[in-house]
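User: Hello! I am new to this one and would like to understand the words used for it. Could you take me through them?

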Amino acid sequence: MREQQLQTILRHMPAGVGTLLGPELRIGYLNEAMQLLLGSPTSTDEPLATQAGLLPPDLQDVMRQVYQSGRPYVAKAYPLQMPATAEQEPGLRYFDFTLEPLRDDNDQALGLLLFAVDVTPQEESRQRAHELAIETRRLDARLRVLTETAPLITFSLDAQGNFEYVSPQWYYFTGQPPTADLNTIWPLLVHPDDRLRVLYQSEAARTNGIGWNFEYRLRRHDGQYRWMLSRGLPELHAPDKPVFWHGAVTEVHDQRELSEALRRGEAELRFLADSIPQLIWTASAEGFIDYYNKHTAEYTGLSAQQLGPTGWISLLDPMEQAQAARRWVQCVATGEEYEGLYEMRRHDGQYRWHIIRARQLADVRGPRWFGACTDVDDQHRLREVLQTQYDELARTNRDLDTFVYTASHDLKQPLFNLRGLFDELRRSATFLDPEQAVLLTMVDEALGQLDNTLHDLAATVQSQRELAAPTEVLDVRSVAEEVVLGLRPQVEESQAIIELDTAAAPTLLYGRANLRSVLHNLISNALKFAHPERTPHLLVRSSLSATGQPQLLVRDNGLGMSIRAETSPAAFPSFERQHPGVAGAGVGLYLVQRIINSRGGHLAVSSVVGEGTSFTVHWFE
């Protein structure tokens with residue numbers, strides 16, 4: 001009965017059980033699991049080699065060696081390729097084979113007791129665990145490389161605050177040897193003013209199981225304290241409390257100093273803006289004002305909240321608000337500069353003229369607007385007064401010019417009458433006076449001087465009217481030839497030699513009438529004041545100065561003139577004459593100097609009495 005029960009138990013065991021007898025390892029007993037390994041059908045009392053089934057030769061060889069040596073052996077997780085059955089698909093499975101020698105009472109070898117236990121799930125789990133361990137080591141190596149090459153210090157702490165790991169950057173930064181006791185030395189390297197705060201905050205975070213984020217100063221290898229940012233997070237495994245904290249320490253010294261400099265700069269700029277007697281404001285990219293300086297509140301009598309994001313527009317004259325608002329919206333949309341002259345209401349209700357300007361600044365933080373409202377009411381009203389006075393003076397000047405011009409022409413007719421009467425008197429009357437010829441000559445000269453004076457007065461007025469002549473690009477040689485052609489009688493009478501040289505600067509941007517007047521006066525003066533003992537020789541040269549500006553030289557070999565020691569714009573006053581023996585009114589050089597000065601130039605002169613004179617016209621300097 002017991003033997004049948006044992007047979008039943010062995011037959012249904014999940015492990016394979018069998019006996020192999022004799023040196024041939026003949027099959028003695030096989031349960032169902034072992035028969036599946038050996039293959040069906042199997043015959044008892046047959047050598048295993050003839051009915052090994054799925055057992056490979058190397059395993060059979062080990063069985064024979066165990067039988068011969070008498071030493072048991074266990075083959076762990078031995079792989080076998082199993083065929084398909086009703087319970088499982090074909091595939092590789094793993095078995096633990098236990099080989100136990102069988103002996104009789106005389107300790108003689110009888111055979112082997114064979115056990116085969118299917119350990120496929122355990123082996124697959126072990127292999128997966130092994131693969132995961134390899135992958136974990138690979139990831140750990142990669143993470144270590146990343147943390148040790150990153151420009152920051154990484155660390156791990158346990159729940160008591162002891163360091164489990166710190167990256168090599170800490171040793172590079174602090175200059176401490178790798179053998180240093182981190183738990184002891186790290187607090188000593190923290191700045192004394194920060195040490196207690198750092199220790200308290202880190203311990204409080206570990207006690208509460210949370211992370212931390214704070215800044216402190218850490219001593220560098222050169223003894224300098226640098227600002228560092230420390231961040232730490234707990235390693236959570238719910239529902240347990242965290243037992244490790246991992247984090248990083250990053251140097252933020254430069255950023256902190258820059259932030260502090262920016263803060264100081266912003267405070268100084270706000271102080272400067274509050275000190276300026278103008279309405280200073282800033283606006284967002286959308287055009288909404290977010291800052292007013294102190295003077296804005298003083299001028300308007302309103303706070304920043306009362307002014308609101310578009311406060312300055314509401315302060316304008318109601319008739320101008322819509323136009324100013326449209327212009328502001330257009331500038332915000334396009335980024336164009338904003339500028340306008342508007343009347344702005346003061347806290348007492350008085351409107352004052354302001355120039356409102358705004359410009360957009362674009363940086364990494366995005367575009368922003370900066371604006372100012374400058375009070376120009378006094379200047380605006382003064383400009384209006386000055387403009388009124390200027391208009392009156394201009395009108396008076398025009399009337400005076402008209403009067404002088406008209407008077408000079410109106411006086412010419414009586415002068416012509418006097419000359420006619422004098423000529424008739426000289427022709428028909430007889431004087432019994434020994435000085436008759438001298439008196440007649442004196443009267444004739446007086447009439448000539450009066451005629452020249454009236455002519456020069458008219459020329460002066462005409463020159464004044466031509467000062468505002470429009471500019472154009474002129475051919476200097478062509479204009480000079482026109483002037484010389486107009487002076488042809490004087491040139492032929494004196495047999496003068498006039499040399500024109502304009503190759504260096506052939507053109508000039510100037511008023512045509514002004515250029516003609518300058519050339520006419522300088523050339524006619526050179527002909528008028530020619531030396532009586534030599535042929536007049538004139539050089540008219542257009543060139544460039546050392547600074548690249550155009551200039552004109554008119555040089556003669558005439559009588560010359562005495563130059564005052566001082567140099568001033570009034571070197572040639574009107575109606576001043578150097579050679580009274582030569583006819584003239586003394587207004588020619590005055591007109592030349594007036595024309596040149598009106599266009600931003602000046603006239604230079606050098607002369608030697610009896611040898612000649614050189615005039616240099618610097619047109620624009």
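Analyst: Happy to. Let us start with contact, which means heavy atoms within 4.5 Å. Of the contacts in the chain with a separation of 6 or more, 50% are between residues 24 or more positions apart. This is a predicted model, in which local features need pLDDT of at least 70 and side-chain atom pairs count only at pLDDT 80 or more, while totals for chains, interfaces and linings use all residues. Residues are numbered from 1 along each chain as its sequence is written, and side-chain values use heavy atoms, with hydrogens and water left out.

User: What makes up the secondary structure of the chain?

Analyst: The chain has 18 helices and 22 strands. Helices (H or I, at least four residues) and strands (E, at least two) are DSSP runs, numbered from the N terminus.

User: Why is leucine 25 called buried?

Analyst: Buried means under 20% relative accessible area, exposed over 50%, and partly exposed in between (1.4 Å probe, protein chains only). Leucine 25 has a relative accessible area of 2%, so this residue is buried. Leucine 25 sits in the loop between strand E1 (16–21) and strand E2 (26–30), and its phi is near 55°, a positive value in a residue other than glycine.

User: And why is aspartate 107 called partly exposed?

Analyst: Its relative accessible area is 49%, so aspartate 107 counts as partly exposed. This residue lies in the loop between E4 and E5, with a positive phi near 65°. As background, most residues other than glycine have a negative phi.

User: How do you know what span is expected for helix H4?

Analyst: The expected span of a helix is 1.5 Å times one less than its number of residues. Helix H4 (residues 120–149) has 30 residues, and its 43 Å from first C-alpha to last is close to the expected 44 Å. Among its buried residues are Thr120 and Glu123.

User: Why are H17 and H18 called roughly antiparallel?

Analyst: Axes are lines fitted to C-alpha atoms, for helices over the stretch in contact, and angles run from 0 to 180 degrees between N-to-C directions. Angles under 35 degrees count as roughly parallel, over 145 as roughly antiparallel, 65 to 115 as roughly perpendicular and the rest as oblique. Helix H17 (residues 512–528) and helix H18 (residues 588–598) pack at about 150°, with axes 9 Å apart, so H17 and H18 are roughly antiparallel to each other.
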